[in-house]
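Me: Here is a structure I would like to go through step by step. Please keep the answers plain.

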Amino acid sequence: MRRIFTLQAGLLSEVIIRACDYAGYPVRGVDTHGLAQRGGTVISHIRIGQGVYSPIIQEGRADLVTALERNEALRGLNNLKDGGTLVYYNAMWQPLSTRPGKDKKLEEHVISKACISKGIKEIKVFREDLEDSRMQNVVLLSEIEKHKLIPGVEAEHYKAALKDLIAGKVLEKNLEVFGCR
């Protein structure tokens with residue numbers, strides 16, 4: 001059974017769920033939106049495998065956490081089991097508390113140090129040439145596929161899922177980003 005916890009990544013989690021379905025795996029997923037409309041986090045829980053009756057993942061039990069920026073990556077570490085994997089987009093969205101000087105900007109080494117202390121595999125991703133920041137989730141998806149973080153789910157499953165959810169030129173651009181290594 002695989003447990004995946006995604007932060008701020010509605011499309012990413014939906015693609016993962018559909019790709020797992022295309023690969024023939026039983027999968028359950030749920031988004032918890034909380035205060036997302038007021039700048040809060042959208043969190044997705046995905047559980048893959050036999051005997052899954054609830055998608056909710058207990059803290060410290062996720063095999064994989066994905067995040068679209070550093071602050072979310074650091075918050076997501078509490079959800080990973082020791083030895084799990086963190087995949088995050090290495091960008092920084094300035095949290096409200098940083099603007100007035102209450103908190104300092106989160107540096108990469110803080111995340112790396114936390115990962116080392118828990119034996120977590122850290123995969124940080126960034127693309128200089130990404131023309132639309134909304135495609136960060138597809139960059140993460142590409143890394144998930146590249147590192148085979150969901151065994152048995154192949155590139156064609158992810159591409160089929162993307163085709164279910166996106167159309168036209170937006171789909172073409174996302175498939176181009178997905179195929180880029």
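Reply: Helices (H or I, at least four residues) and strands (E, at least two) are DSSP runs, numbered from the N terminus. The model is predicted, so local features need pLDDT of at least 70 and side-chain atom pairs pLDDT 80 or more, while totals for chains, interfaces and linings use all residues. Residues are numbered from 1 along each chain as its sequence is written, and side-chain values use heavy atoms, with hydrogens and water left out.

Me: In what order do the elements of the protein chain run from the N terminus on?
Reply: The secondary structure of the protein chain comes to six helices and six strands. Read from the N terminus on, the order is β-α-β-β-β-α-β-α-β-α-α-α.

Me: What percentage of the residues in the protein chain is buried?
Reply: A residue is buried under 20% relative accessible area, exposed over 50% and partly exposed in between (1.4 Å probe, protein chains only). The protein chain has 181 residues, and the buried share of them is 46%.

Me: Between which elements is Gly152 found, and is Gly152 buried or partly exposed?
Reply: Gly152 sits in the loop between α4 (136-146) and α5. Its contacts, meaning heavy atoms within 4.5 Å, include Ala23, Tyr25 and His157 when neighbours within four places in sequence are left aside. Its relative accessibility is 36%, so Gly152 counts as partly exposed.

Me: How far apart are the C-alpha atoms of Gly152 and Ala19?
Reply: Along the chain, Gly152 and Ala19 are 133 residues apart.

Me: How do α1 and α5 lie to each other?
Reply: Two packed helices are described by the angle between their axes and the distance between the axes. Axes are lines fitted to C-alpha atoms, for helices over the stretch in contact, and angles run from 0 to 180 degrees between N-to-C directions. Helix α1 (residues 10-22) packs with helix α5 (residues 155-165) at about 125°, and their axes are 8 Å apart. Angles under 35 degrees count as roughly parallel, over 145 as roughly antiparallel, 65 to 115 as roughly perpendicular and the rest as oblique, so α1 and α5 are oblique.

Me: Which residues of α1 and α5 make the contact, and how many of the contact residues are charged?
Reply: From α1 come Leu11, Glu14, Val15, Arg18, Ala19 and Tyr22, and from α5 come His157, Tyr158, Ala160, Ala161, Leu162, Asp164 and Leu165. Ala, Val, Leu, Ile, Met, Phe, Trp, Tyr, Cys and Pro count as nonpolar, Asp, Glu, Lys and Arg as charged, and the others, Gly among them, as polar. By class, nine are nonpolar, one is polar and the charged ones number three.

Me: How many residues of α4 are buried?
Reply: The buried residues of α4 include Val138, Val139, Leu140 and Leu141. They pack against α1, β4 (62-67), β5 (80-89), β6 (121-125), α5 and α6 (168-179). Helix α4 is largely enclosed by the rest of the structure, because the buried residues number 10 of the 11.
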